[in-house]
Amino acid sequence: MTTGKRDPAPWLPLTPAAFHVLLALADGPKHGYLIMKDVEGRTSGEVRLGTGTLYGLIKRFLDEELIVELPSEGEDGERRRPYKLTPFGRQVARAEAVRLEQLVSAARGARLLPERG
Amino acid sequence: MTGKIYELLLWTLPRGFRDEFGAEMLHTFATSGESLIVDGLDVLRLAVRLRVDQMRVDVRQAMRGLWRQKTFTLAAVGTLALAFGPATAVFSLFNGVLLDPLPQARGLDRIVYTWTANPERNRHGYPWSELNFLDHRERTTGLQSFGAIVDTSATIGGDVPQQVTGAWVSEDMFDVLGVYPARGRRFEAADLHTGAAPTIILSHAFAATRFPNGDAVGQTLVVDGRRTTVIGVMPRGFDFPAGNANFWQPLLVDRAVSNRAQTYLHTMGRLRDGVSVADVEQQMNVVAADLEKLYPDSNAGYRIEVQPAAAYLTRNARRIVTVLGLAAVAILLLACTNVASLLVVRTAGRQQELAVRTALGASASRLSRQMLIEHLVLAIAAALLAIVVAAGLLQLLGVSRLVPQAQIARAAIDGVTVLFLSGLTLAIAVSLGWLVSRRAAAMSTLMPSQRSQSASRDLVRLRQALVSVEVGAAVVLLLAAGLLLQSAARLLAVDPGFRTDNIITFQVTLPMSSYQEPPARVRFIDALVAELKRLPGVQDAASAAYPPMGSMRATRRFAIDGEPLPRPGTEPLAIDLPAGPGYASIMGLRIIDGRWIDERDRLDSAPVVVVSESFARQHLPGQRAIGRRLRFFTSRPGPQPPMPEVVGVVSDVRQFGVAEAAAPQMYIPHAQRAWTFGSYFVKTSGDPRSVMASLPAALKAVDPDRPLERLRTLDDLVSANTADRRALGALIALAAAIALVIAAIGVYGVTAATTAARRRELAIRAAIGADQRKLMRLVIGQAMTAAGIGLAVGVAGGMAASSVLQSVLFEIQARDPATYGLVGAGLIAVCWLATYLPARKAVTIDPAVALKEP
């Protein structure tokens, strides 16, 4: 584990696929298949992650310690390893969410979107 | 089924990634029910991305590693560039000149050159006469078109009259070549009547210079004093036949006055579909036999030879390119083995690093891949540098006249050459990578103690093998260099038969329009010689029809009056060189008998001739030539030509070049036989170049419209004649010298490595009392064995290449035993020295010190 404060800024902006993966893990650890299903459900089928995209992201996030691997579960063992967001990973996801929120506010200010409420 | 295919697709991923996530991905895919096509493409995209990332990391690492070892990197890149450069230059030549010698022609494989020959008299490759050409054109059905072409030059008027090279062509020459004017029109039958208005077609480049602001077609030029209409402009780059043609004019033939025996036309034909070269040759010889019966005076014994155009056009280049190609291959082999040796040594020095990386988890294949990338980076850097080297070499070849400038221009480094270089680079990088990675993989698995001994021994054996290759390549180059240098030396030692010091020569061409009659030409020649003699710094001046060692060759059939007439077709030939008074003394010809041409010999005085020594020896053996008369032959109707009396015999001259033996020669007084072109010779008292500037004024005083052509010193002319052979010798000698140095260094290095590997053994032997001399013999013996193998292979290679070399040698055999002996002895001596020094160092080390080493 790296020590010291890390800055999430270099990670922004996240690609939509990357953000969705972190979002899927935000409410608890999941293995690959569940992440795919979560994203599909959340976006009503509009965003479907391929296994290539998904595991490419998982590898990158593991290397950079945005997520960690938990011990494999059940008889499937190797094939169903859950992943969990690290505190830094959560920071990065939050930073991206804030950035998107700021963009939406700006869109509202420019009357591209209706005012809230 | 889809699962199996998906599993196969996973194999495109890097191994590490596949090991980590493969099972999981397969399970996820199976569970998710995603489309194979969509998910399969996704996996492929990931595979590409991962591999590109990996390559980027490897390349960065490779470049960092190479940068850290700058000396090694520079040595390797420099050596490889020296290897790739010559190979690329030779390929460019091959591709640009040999593969497609006439790029603008359509269907070159259907175009042929045709020559007249007289096999009985062993004469081949002779030009045609106008009438024979016309008759064959009418009657040869195997050719779809048959054209004639003659090199010529003309004065194109303007503010400064220019003498420009061009050609006369028959109207169907364009059909033969399949090339037509890009603008305007071609010659038609109407343009070829003797009374037709003069027309001219210009080359693209010449038209652009003369008419920069508009279309040349329809414009008028003054050509040889006549107003001539430009009717067409050829496509860009077309400069046939000699690579320097600026214009083409119709070849005008008047059957009434044409001389069937006067041969000067070059002819080419286009084969009809389905007709072969042999077919056409047979047909043309049937016609030739008919014409022989009809015109025995001129056509006796004459045959036709047909040759594919490509073979004729590449006849010189082929020899040069083959010799250079051999040298390039030898250099390539040498340089690559040298770099391989360097790499092997470098890898040996990285044993520690490789062991650590293996321990940290790097697989043998990853290490191999990274080394391969290192070699690829080295090879690519070398290839880029090689392009510069190749371009430089091509320029050098052009400057040294080894290859005509026009052909060098076509040997540009184009896409095909770059493709060749890329292929070569890849092949070398992969071979080097394979060679070295095997060593690295082997070393990474050995225990430390095992490593030094066995790895060192393997290393030494490998380097010995490499040294054998280096020595072999060096031997081939040394043999070639030795033979070529001796050849050039013998060529230079040949006495051309005339003096060259402080003599200037130039040419002037007289247009038929104002110099139709011989008296006018003689008046011009006399006036110009007189003007030249008046110039300050000039000792003497003379005229002759053409200079020695130029492209002009004139021969004439003759017979000795009083001797039985030779059978038609078997008349002897002699070189026909009209010359003026003063020519013999300027050129240093010795008067052996009688006198030279002098002021007495005018147009209206008795016809005389001076012959050369070999003429007298061959045709008047054991007799005095003076007083005999010569008979000449013509098939033109009218009076027979005059029969000149021999008034002098002079020493021989190598008229056509030092490489050709002196041939019988006849000198008719210039005043009695003046052609429209002539050469002038000026002997200066000091440096000829100081007089050159005043020559145009002298010419202008006689005829202001005549330009001065081909001005140079006789020294330059003669050295140009031998320039190509000297250049070839010099180039190969340079390559051989470099090869010898590299091979010697290789031998030195391998001996040093051998002794280093056997330090302990040698120390033990010395400690127990072994004779130093015996130890030296042991060490030297091993290295010399490698050199000896290389020598044997090199000698075999040299013998195999001897037929190629023979074509460019002069008066020396390609398997000359003295040269082989000298090269062999020299190489053994150099290699012996290269082994002696490190061996001596090794056996004189203190055994106690050596035994203490790990």
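In this predicted model, H20(A), V21(A), L23(A), A24(A) and L25(A) of helix α1(A) meet I35(A), D38(A), V39(A) and R42(A) of helix α2(A). By class, the residues of this contact divide into 6 nonpolar, 1 polar and 2 charged. The axes of α1(A) and α2(A), the latter formed by residues 32-42 of chain A, come within 9 Å and cross at roughly 105°; because an angle of 65 to 115 degrees counts as roughly perpendicular, the two helices are described as roughly perpendicular to each other.

The buried residues of α4(A) are F88(A), G89(A), V92(A), A93(A), E96(A), A107(A) and R108(A). Helix α4(A) runs over residues 87-109, and its 23 residues, at 1.5 Å a residue, should span 33 Å, which agrees with the 33 Å that separates its end C-alpha atoms. Just after this helix, R111(A) takes a positive phi of about 60°.

The crossing in which α5(B) passes α8(B) is right-handed. On the side of α5(B) the contact is made by N132(B), D135(B), H136(B) and R139(B), and on the side of α8(B) by M284(B), V287(B), A288(B), D290(B) and L291(B). The contact of α5(B) with α8(B) has 4 nonpolar, 2 polar and 3 charged residues.

One of the contributing residues, D135(B), lies in α5(B), which spans residues 130-139. With a relative accessible area of 10%, D135(B) is classed as buried, because this value falls under the 20% cut-off. Apart from residues up to four places away in sequence, D135(B) touches R255(B), R260(B), L291(B) and Y295(B), and L291(B) is also among the residues that α8(B) brings to its contact with α5(B).

A further residue of chain B, A205(B), lies in helix α7(B), residues 204-210. Its relative accessible area is 52%, and A205(B) is therefore exposed, the cut-off being over 50%. A205(B) and R590(B) are 385 residues apart in sequence, and their C-alpha atoms are 47 Å apart in space.

How values were computed:
Residues numbered from 1 in each chain as written. Chains lettered and ligands numbered in written order. Predicted model: local features only at pLDDT ≥ 70, side-chain atom pairs only at ≥ 80, totals over all residues. Heavy atoms only, no water. Helix = DSSP H or I, 4+ residues; strand = E, 2+ residues; numbered from the N terminus. Buried < 20%, exposed > 50% of the residue type's maximum accessible area, 1.4 Å probe, protein only. Contact = heavy atoms within 4.5 Å. Expected span 1.5 Å × (residues − 1). Left-handed = near helix turned anticlockwise from the far one by under 90°. Nonpolar A, V, L, I, M, F, W, Y, C, P; charged D, E, K, R; others polar. Axes fitted to C-alpha atoms, helices over the stretch in contact; angles between N-to-C directions. Parallel < 35°, antiparallel > 145°, perpendicular 65-115°, else oblique.
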